[in-house]
Amino acid sequence: MAYQSLRLEYLQIPPVSRAYTTACVLTTAAVQLELITPFQLYFNPELIFKHFQIWRLITNFLFFGPVGFNFLFNMIFLYPLLICF
């Protein structure tokens, strides 16, 4: 029952906001599961322009740190901002 209401709430989010929120959660989960490290995500102009690691232009906006209250509050405060997209 709770799963259905959570699923419906998720599907009511606009597509761009839903994609960004999902990418943030997946990126943070990948770091928590140690599939990737935060050092592979941070913005470094030298690595971007000299080594063509273009993903660093986007991934630095997707990682909010380890899962905890800080991550939860970032997602809660981000939700009203994204609802208009």
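F52 is an exposed residue, with 62% relative accessible area, and it makes a friendly place to start a look around this predicted model. F52 sits in the loop that runs between α3 (45–50) and α4 (56–59).

**The nonpolar surface patch**

- F52 belongs to a nonpolar patch on the surface, together with F43, I54, L57 and I58.
- Taken together, the residues of this patch have about 530 Å² of accessible area.

**Aromatic pairs**

- How many aromatic pairs are there? The count is three.
- In the pair of F39 and Y42, the ring centres are 6.4 Å apart and the planes meet at 90°; planes over 60 degrees apart count as edge-to-face, so this pair gets that label.
- F39 is exposed, because its relative accessibility of 63% is over the 50% cut-off.
- Y42 is partly exposed, because its relative accessible area of 36% falls between 20% and 50%.
- The rings of F73 and F77 are arranged in another way: their centres are 6.2 Å apart and their planes are at 25°, which is under 30 degrees, so the pair counts as stacked.
- Both F73 and F77 are part of helix α5 (residues 69–82), where four residues, about one turn of the helix, separate them.
- Is F73 buried, partly exposed or exposed? With 43% relative accessibility, F73 is partly exposed.
- F77, its stacking partner, has 58% relative accessibility and counts as exposed.

**Charges over rings**

- R56 lies over the face of Y42, at 5.2 Å from the ring centre, and Y42 also takes part in the edge-to-face pair with F39.
- Over the ring of Y10 sits the charged end of R18, 6.0 Å from the ring's centre.

**T22 and its contacts**

- Which side chain does T22 join in a polar contact of 2.5 Å? The partner is the side chain of Y10, whose ring also has the charged end of R18 over it.
- T22 is a residue of helix α2 (residues 15–32).
- T22 and P80 are 58 residues apart in sequence, while their C-alpha atoms are 15 Å apart in space.

Notes: Residues are numbered from 1 along each chain as its sequence is written. This is a predicted model: local features need pLDDT of at least 70, side-chain atom pairs count only at pLDDT 80 or more; totals for chains, interfaces and linings use all residues. Side-chain values use heavy atoms; hydrogens and water are left out. Helices (H or I, at least four residues) and strands (E, at least two) are DSSP runs, numbered from the N terminus. A polar contact is a pair of N or O atoms within 3.5 Å; within protein, one must be able to donate a hydrogen and the other to accept it, and residues adjacent in sequence count only if both atoms are side-chain atoms. Patches are made of residues with over 30% relative accessible area and no salt bridge: like charges are joined within 9 Å, nonpolar side chains (Val, Leu, Ile, Met, Phe, Trp, Tyr) within 5 Å. Accessible areas come from the Shrake-Rupley method with a 1.4 Å probe; for residues, only the protein chains shown count as cover. A salt bridge is a side-chain nitrogen of Lys or Arg within 4 Å of a carboxyl oxygen of Asp or Glu. Buried means under 20% relative accessible area, exposed over 50%, partly exposed in between (1.4 Å probe, protein chains only). Rings of Phe, Tyr and Trp (its six-membered ring) pair if their centres lie within 6.5 Å; planes under 30 degrees apart count as stacked, over 60 as edge-to-face and the rest as tilted. A charge sits over a ring if NZ of Lys or CZ of Arg is within 6 Å of the ring centre and within 35 degrees of the ring normal.
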